[in-house]
Amino acid sequence: MSTDLWTYRPAAALVGREFDLIGVQGRLQDPSVRLITLTGPGGVGKSRLAVEAAAGVAELFPGGVHSIDLPACLDLESVLKSVGKTVRDVTERTLLLLDGVEHVAGGLAAPLARHLSATPLLTALATGQEILRIHGECVLPVPPLPPPGPLLDPDVTDVRDNPAVELFVRCAQQANASFALTPHNVGAVVDLCNLLEGLPLALELAARRLRLYPPQEVLDWLRRGGDSHLPGPVDVPARQRSTPAIAEWSCRGLSGPQRSLLARLAVFRGGVTLAIAEKASPLGSDETPAALEALLERGLLTLEEQPHTDSRLTMSRTIRAYGLRLLDEADETAEADRAGEGEAGLRAARRAHARCYQRLLPALEDRFHGPRQGHWLRVAAAEHDNVLAALRHLEREENEEPREGKEKEDAVLARAGLVTACRQPWLVHGELREGLRWFDATGRALEDAGREERAGSEEWLRARARLDSGAGVLAAALGDHDGAAHRQRRAVALYQRLRDTRSAALASVRLGHALFRCGERSEGQSLLTASLAALDAQGETTDAAEAAAALADVLLAVGDTKRARALLERAGRVQRRHGAIRDLARTIHLGARLSLCEGDDAGARSALKESIGLYDSIGERTELPAVLEMFALLILEQAGQPQRAARLLAASGALRAVTGAGIERERAQRSRAAVDVLRHRLGPTVFATAWAEGLRLRPEAMAAEALAAAEPAGAGDGDRVALTPRQLQVALLVADGMTNRQIAQALDIAEWTVVNHVRGVMRKLGCASRVQVAWAVGRSR
């Protein structure tokens, strides 16, 4: 037996390919499998895996294991000669490793099929980005290593066994013997592995930079596009020495139309649906499907299924950079030739990309509120990166191109249409800070563009009013009620100029609610009452339901539970009829607060679970933390599930940190008190474990965690004495002889809230007076 295997084999052991290796070797051991092809993108490690697999089963091939580096051959004729020479005298079982078949697959397939047919003792193991399409070919995809994914607070123990992280660390230690994965650098390493999409060669090249720079510097450099200059080792084929070389080799042999389509799709970020790709294609409708299939066959595009929306075509970071470079070159050629405006280049591609989303999002806007809003909101969420890219291009185009008067205003109005259409998706999916920045920036641009000719036109006024109102909604979600009131006040004035009574009344609802939150309670409540009356005059609409729920929230805060319940029941009825899922979830959440005030814990629990389920059905992120926090406090008291409560409190806090969603001071105090109670009850080790588990929960898993909570046991003595953290605080102050007003001042909460807490304490402790509460608490202490 002889072997002439060669491929670049770094000193680090093969990482993350254990099951792939077993799968390849298992097929090589089967004499009936004559041709195996490993496919995958450039730099994924196909050659390395093939060599490791062949070396591991070499004893099964007494005729030898022979490899041919096809890219090193001068042309197809030399490839065929090398293959023919190797298989000419096969008399024992022999393995032929064909490395890099992608660019000769068409010419090699038929001769190789003849060799396999004529030589029963021959087995071929091929690697390439294309398959050979020979009868009986066993195709084994080799994907990139799975990266750790986005983690809010990565921990070394959580990620050290991730294949991408493990490979990066091993390669980093080869470049810098003192490197180690530590709590200080784990975040940067995780972001590096995610950014490079787990591509082994890219990870190895990036790790080599750690000889000179720390991980965070390498990460920042890569985000600026530095991976186009990553130097590779000199003892490897030229196609593997850099990421541009990988891309250049991968795209070698593409036809002109295929190359044009690849370049146009490179403008899209985070993938694109097939429908949008076909519309964005520079090719004709008859050419595009075939070109897409060719790119998919070559592994330059991947079609990924999505759980709730359409499948998406995605492109690796390496190939995307190559496509953008093609567009840049087209721009440069057009400028050098002075033969046009570069319509095939990057500027034209970005302009077409932006126009696509200027049409798409406004067309979806009305669907973000109907019965299928969950589906359409997820569609919008999947396009978030593309929408931001479109907005950045429109903003850059407005600033760079010399436009004046009506032309400039039209450009800003077009951007405003896209921004305002994104309000609901940004609000639901927690893109609050980014969304507010775009609303405010577009509003300022509209002010600057419309000062002279059309500042008073209906189109200008409506766009400005929608920007102010949308910005106010996002500011309120961030907890900036002063900012929300300021923006909504401007929106009300603009809608009044337009004589749009419905929109003015709805903006007034949001203004009144913001004013109440700012401490202007009387003015806010009055404005809400008047706005509700104005909207009621237009019938039972979702706007009137929003006003009723907002007024109920205010009445609940001042202790008028009877009127609050009537308004909430009315709002919920209208929202259910119209399929306003998010508004209904918020109304039910308010109903849960009301049930708690009335001592109906079972009703509160049922309402909270329904609210969580509704929020989860539309992928809600902004308001989910508040309902999870309330539910955590409830199960801590009712069901005796302190670990689950700790996980939910950790998860909701982490989600708030990501979205920036605001939290009321009283609710924040209650959560902190609950955390202190949980830490004491569980002990430091169990609490830390549960908290860390909560931090790792994704939003969809947060809802599942809450909905899986056990139902409370029958009301016995043990349940009666279980006080919430806030009730325990109140009970202790009652035991100290403080009045309700003094307790309210001490805890900085409303006096009516104290009354409700005292009632809850007396009910749970079975006490008929404050003296008995003092005695019961004193005894329990």
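Modeller: Quick definition first: contact means heavy atoms within 4.5 Å of each other.
Biologist: Got it. What kind of model is this?
Modeller: It's a predicted model: local features need pLDDT of at least 70 and side-chain atom pairs count only at pLDDT 80 or more, while totals for chains, interfaces and linings use all residues. Residues are numbered from 1 along each chain as its sequence is written, and side-chain values use heavy atoms, with hydrogens and water left out.
Biologist: How many helices and strands are in the chain?
Modeller: The chain has 38 helices and 8 strands. Those are DSSP runs numbered from the N terminus: helices are H or I with at least four residues, strands are E with at least two.
Biologist: And what box do the C-alpha atoms fill?
Modeller: Roughly 100 × 75 × 50 Å, taken along the principal axes.
Biologist: How much of the chain counts as buried?
Modeller: Of its 781 residues, 55% do. Buried means under 20% relative accessible area, exposed means over 50%, and partly exposed is in between, using a 1.4 Å probe and protein chains only.
Biologist: Let's look at the sheet. What order do the 5 strands take?
Modeller: The order is β2-β3-β4-β1-β5, in an open sheet with parallel pairing. Two strands pair if DSSP finds at least two bridges between them.
Biologist: Which strands are at the edge?
Modeller: β2 (65-69) and β5 (138-141), each of which pairs on one side only. On average, neighbouring strands in this sheet are turned by 15° against each other, ignoring direction.
Biologist: Over how many bridges do β1 and β4 pair?
Modeller: Over 5 bridges, in the parallel sense; β1 covers residues 35-39 and β4 covers residues 122-128. There, Leu35 stands opposite Ala124 in β4. Strand β1 also pairs with β5, again parallel, over 4 bridges, and Ile36 stands opposite Cys138 in β5.
Biologist: Which strands does helix α1 lie across?
Modeller: Helix α1 (residues 18-28) lies across β1, β3 (94-99), β4 and β5, and runs at about 160° to β1. Helix α4 (residues 105-118) packs on the sheet as well, touching β1, β3 and β4, and its direction makes about 155° with that of β4. For these angles, axes are lines fitted to C-alpha atoms, for helices over the stretch in contact, and values run from 0 to 180 degrees between N-to-C directions.
Biologist: Changing topic: where is Val554?
Modeller: Val554 is in helix α25 (residues 542-558). Its relative accessibility is 1%, so Val554 counts as buried.
Biologist: What does Val554 touch?
Modeller: Setting aside residues up to four places away in sequence, Val554 touches His513, Phe516, Gln525 and Leu528. The C-alpha atoms of Val554 and Ala564 are separated by 8.2 Å, and these two are 10 residues apart along the chain.
Biologist: And Thr561, buried or exposed?
Modeller: Buried, because its relative accessible area is 18%. Thr561 sits in helix α26 (residues 561-578). Apart from neighbours within four places in sequence, Thr561 is in contact with Leu556, Leu594, Glu598 and Trp752.
Biologist: Last one: what is the phi of Arg499?
Modeller: Positive, about 60°, although Arg499 is not a glycine. Arg499 is in the loop between α22 (481-497) and α23 (501-517). With a relative accessible area of 71%, Arg499 is exposed.
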